[in-house]
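This briefing concerns how two parts of a single chain meet. Please look at the sequence and the model before reading the points below.

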There are 2 protein chains.
Amino acid sequence: MVKLQQDRAVRTRETIIKGAAEVFDEYGFNGASISRIMKRAGVSQGAMYFHFKSKEDLARAVMNAQPDTVVPRLDSQGLQRIVDMTFVWAWQIQRDVLLRAGVRLTNEQEGTSVRDASPYQEWAQILEMTLRQAQQEGEVGESVDVRQLAELLVSACTGMQMYANAVSGRQDLPERVVAMWRILLPGVASEGIAESISLDVRRFL
Amino acid sequence: MVKLQQDRAVRTRETIIKGAAEVFDEYGFNGASISRIMKRAGVSQGAMYFHFKSKEDLARAVMNAQPDTVVPRLDSQGLQRIVDMTFVWAWQIQRDVLLRAGVRLTNEQEGTSVRDASPYQEWAQILEMTLRQAQQEGEVGESVDVRQLAELLVSACTGMQMYANAVSGRQDLPERVVAMWRILLPGVASEGIAESISLDVRRFL
């Protein structure tokens with residue numbers, strides 16, 4: 001019985017986050033309202049306030065759900081896994097409203113009451129961990145500072161999706177990600193490794 | 001007489017743009033109003049509408065003034081000039097309200113009625129031109145696609161200032177730019193050139 005109630009609570013929370021993502025994606029943080037999110041998710045005020053005390057709470061939950069929309073789709077290892085992470089992200093941002101809303105909220109923070117660096121930091125940590133392992137296995141050059149590379153990748157991806165959004169509504173984002181790797185790999189991968197990395201972004205279509 | 005009137009018109013336009021930059025920097029596009037900008041700039045409604053028909057017009061002028069705040073401060077050539085452009089930009093964004101407002105407006109477009117990819121494109125063109133020359137002079141590897149590198153630099157800088165803004169109010173932006181070049185230069189500069197590039201970001205302090 002307790003288990004059933006817990007399951008239902010988890011499902012309700014997910015329903016609310018999905019509704020919030022749709023509304024944030026469409027209206028941004030400032031244009032979204034809790035009442036609109038409740039309507040979209042089809043939940044009562046009681047259910048809403050049981051899970052989320054404020055619009056800021058909701059925005060943080062949406063922002064911090066980003067990795068869950070990308071990481072489970074990966075099965076490669078090492079440096080290829082890092083490349084694949086950016087590839088999956090470039091496609092998912094075009095299809096997954098939760099990822100897109102999370103990215104929009106993260107980037108629009110300056111104009112809002114939400115202040116949360118953790119989406120940037122969490123992405124950087126995931127990338128750093130994988131890069132460090134790739135370096136230990138000899139795929140990444142010894143002189144590369146993997147923490148700095150991880151933060152640069154997060155920054156470059158953040159900026160690429162904004163640039164791509166301005167010029168093509170994000171449609172050319174996947175090819176921009178490939179172009180980034182063509183430029184980065186020669187300086188980052190160990191001798192002979194760059195050639196073994198697949199840059200076929202379309203295999204995640 | 002006509003010359004004097006023209007001079008005055010140019011000065012008035014600059015005064016309006018500076019006032020607009022201050023208001024946009026503080027309130028963002030949606031929070032700014034023409035009347036607040038008029039008040040800040042100390043100009044009449046007649047003068048305002050002689051130069052700018054709408055808030056969108058003003059925002060475009062502020063966004064497109066970005067290179068003027070960076071390029072005149074450069075005197076180096078070739079690949080060093082590209083590096084210096086990013087260094088000057090990293091410091092100026094902390095001091096120059098016109099640059100900061102231009103960057104904020106460019107990045108916040110998704111939530112506003114302004115749609116203008118030209119700030120990204122103009123930066124990319126300036127960088128591409130200089131990179132192409134550096135490549136012709138043998139400083140940039142022949143296999144590097146300079147257009148793609150230029151667009152990646154614009155994207156990376158865009159993302160870096162947002163990441164830096166979230167974690168340090170942009171104070172660590174200059175060191176992030178140095179870290180980017182440490183990672184990029186080995187794959188981008190021709191044999192033996194990377195070592196000759198100064199990465200002393202503090203010389204622009």
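What follows describes the domain arrangement and then the interface.

The model is predicted, so that local features need pLDDT of at least 70 and side-chain atom pairs count only at pLDDT 80 or more, while totals for chains, interfaces and linings use all residues. Residues are numbered from 1 along each chain as its sequence is written, and side-chain values use heavy atoms, with hydrogens and water left out.

**Domain arrangement**
- Chain A is divided into domain 1 (2-62) and domain 2 (66-204), with bounds that come from an automatic or database domain assignment.
- Between the C-alpha centres of domain 1 and domain 2 of chain A the distance is 28 Å.

**Extent of the interface**
- In contact (heavy atoms within 4.5 Å) are 14 residues of domain 1 of chain A and 14 residues of domain 2 of chain A.
- The two domains of chain A bury about 1,200 Å² between them, 63% of it from carbon and sulfur atoms; buried area is the accessible area (1.4 Å probe) that two parts lose on being put together, summed over both.
- On the domain 1 side of chain A, Asp25(A), Phe29(A) and Val62(A) lose the most area to domain 2, together 43% of what that side buries.

- One salt bridge is counted between domain 1 and domain 2 of chain A, where the term requires a side-chain nitrogen of Lys or Arg within 4 Å of a carboxyl oxygen of Asp or Glu.
- A salt bridge joins the side chains of Arg100(A) and Asp25(A), at 3.2 Å from N to O.

How values were computed:
Chains lettered and ligands numbered in written order.
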